[in-house]
Amino acid sequence: MSLGLDPISTHKKVCSFNCTYCQLGCAEQADAIAGRQVFVATSDLIEEIKLLESEVRIDYLTFSGNGEPTLAANLGEMITAVRSVRPEKVAVITNGTLLGRKDVQADLKGVDLVLVKLEAADERVFQALNRPAAGITWRSTLDGIKAFKGTFKGRFALQIMFVEANKAQASKLAALAREIGADEIQLNTPLRPNAEKPLSLLEMTAIKDQFAGLNVRMVYEEEKKDYHPFDDQQTIRRHGQYKQA
Ligand code: SF4
């Protein structure tokens with residue numbers, strides 16, 4: 001059970017990527033940003049969290065939301081504040097573009113679980129699939145992920161979304177996952193409503209074979225659990241359609 005915390009919470013997504021499969025919709029390229037700023041006051045987040053009934057069962061408080069959470073300049077402050085009012089573990093889902101920054105590394109220092117996106121094994125696929133903000137390169141992102149992994153003491157998972165554009169890179173991505181030393185690798189294909197077609201079970205199984213020997217979870221093999229957001233309308237507003245109509 002994960003409670004999503006959105007440190008961005010803007011009407012339109014705010015991200016340093018503009019992935020072709022993004023379920024938040026494809027903002028214009030110019031909307032992808034690389035700089036940090038405060039979007040939501042930490043006190044507002046804490047006020048809302050205090051409204052939760054204390055006995056509600058949650059495993060992780062997960063910072064994700066309407067774009068890239070590390071773009072929130074007060075992310076570290078939020079994590080500290082959340083820990084002071086709730087006992088659960090804290091996770092952050094990130095596209096990895098800011099992980100080379102010392103301030104971001106410091107913000108994520110005490111987090112229990114970080115899930116990092118890595119979907120391209122070269123600059124060409126990175127630009128075509130993730131469509132980053134100006135100045136963000138595949139090399140700078142990969143170097144940032146490695147630098148972060150070297151300092152991070154919590155659990156580190158890689159999330160790889162496979163679509164037509166990167167399916168031929170599975171073995172190179174597996175080699176990168178081994179080099180980085182991820183604790184877990186999640187192999188996904190976009191099953192939620194978006195602009196890209198998902199790969200088949202057969203294609204994903206062939207991709208999984210490339211990751212032999214690693215701790216892998218593959219989307220088609222995961223048990224389907226019935227889930228209910230606390231608030232359906234808010235979930236759709238922040239994440240787009242999260243399940244097929
Ligand atoms: S990193 Fe996530 S939020 Fe950003 S564009 Fe890609 S899928 Fe969308």
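Me: Where does serine 9 lie?

Reply: Serine 9 sits in the loop between β1 and α1. Keep in mind that this is a predicted model.

Me: Which loop holds arginine 131, and what is its phi?

Reply: Arginine 131 is in the loop between α4 (123-130) and α5. Its phi is positive too, about 45 degrees, although arginine 131 is not a glycine. At 24% relative accessibility, arginine 131 counts as partly exposed.

Me: Next, helix packing. How do I describe a pair?

Reply: Two packed helices are described by the angle between their axes and the distance between the axes. Take helix α1 (residues 42-49) and helix α2 (residues 75-85). They pack at an angle of about 25 degrees, and their axes are 10 Å apart. That makes α1 roughly parallel to α2. The crossing of α1 past α2 is right-handed.

Me: Which residues of α1 and α2 meet?

Reply: An α-helix has 3.6 residues a turn, so residues three or four places apart point the same way. In this model, α1 brings Thr42, Leu45, Ile46 and Ile49 to the contact. From α2 come Glu77, Met78, Ala81, Val82 and Val85. The residues of this contact of α1 with α2 divide into 7 nonpolar, 1 polar and 1 charged.

Me: Which residues of α2 are buried, and what covers them?

Reply: The buried residues of α2 are Leu75, Gly76, Met78, Ile79, Ala81 and Val82. Their cover includes α1, along with β1 (2-5), β2 (60-63), β3 (89-94) and α3 (102-107).

Me: How do α5 and α6 pack?

Reply: Use the angle and the distance again. Helix α5 (residues 138-151) packs on helix α6 (residues 170-180) at about 35 degrees, with the axes 10 Å apart. Trp138, Leu142, Ile145, Lys146 and Lys149 in α5 meet Leu176, Glu179 and Ile180 in α6. The contact of α5 with α6 has 5 nonpolar residues, no polar ones and 3 charged.

Me: Now strand β5. Is methionine 161 buried or exposed?

Reply: The cut-off for buried is under 20% relative accessible area. Methionine 161 has 16%, so it is buried. Methionine 161 lies in strand β5. Outside its sequence neighbours up to four places away, methionine 161 touches Tyr21, Glu119, Asn166, Asn188, Thr189 and Pro190. Methionine 161 and proline 190 are 29 residues apart in sequence, but their C-alpha atoms are 7.0 Å apart in space.

Me: And arginine 155: in which strand is it, and what does it touch?

Reply: Arginine 155 is in strand β5 (residues 155-161). Its relative accessible area is 35%, so arginine 155 is partly exposed. Leaving out residues up to four places away in sequence, arginine 155 touches Asp112, Leu113, Val114, Asp183, Glu184 and Asn215.

Me: Last one. Which residues are around the ligand?

Reply: They are Lys13, Cys15, Phe17, Asn18, Cys19, Tyr21, Cys22, Leu24, Gly67, Asn95 and Lys117. The shell around the ligand divides into 6 nonpolar, 3 polar and 2 charged residues.

Definitions and conventions:
Residues are numbered from 1 along each chain as its sequence is written. This is a predicted model: local features need pLDDT of at least 70, side-chain atom pairs count only at pLDDT 80 or more; totals for chains, interfaces and linings use all residues. Side-chain values use heavy atoms; hydrogens and water are left out. Axes are lines fitted to C-alpha atoms, for helices over the stretch in contact, and angles run from 0 to 180 degrees between N-to-C directions. Helices (H or I, at least four residues) and strands (E, at least two) are DSSP runs, numbered from the N terminus. Angles under 35 degrees count as roughly parallel, over 145 as roughly antiparallel, 65 to 115 as roughly perpendicular and the rest as oblique. A crossing is left-handed if the near helix is turned anticlockwise from the far one by less than a right angle, and right-handed if clockwise. Contact means heavy atoms within 4.5 Å. Ala, Val, Leu, Ile, Met, Phe, Trp, Tyr, Cys and Pro count as nonpolar, Asp, Glu, Lys and Arg as charged, and the others, Gly among them, as polar. A residue is near a molecule or strand if one of its heavy atoms lies within 4 Å of it. Buried means under 20% relative accessible area, exposed over 50%, partly exposed in between (1.4 Å probe, protein chains only).
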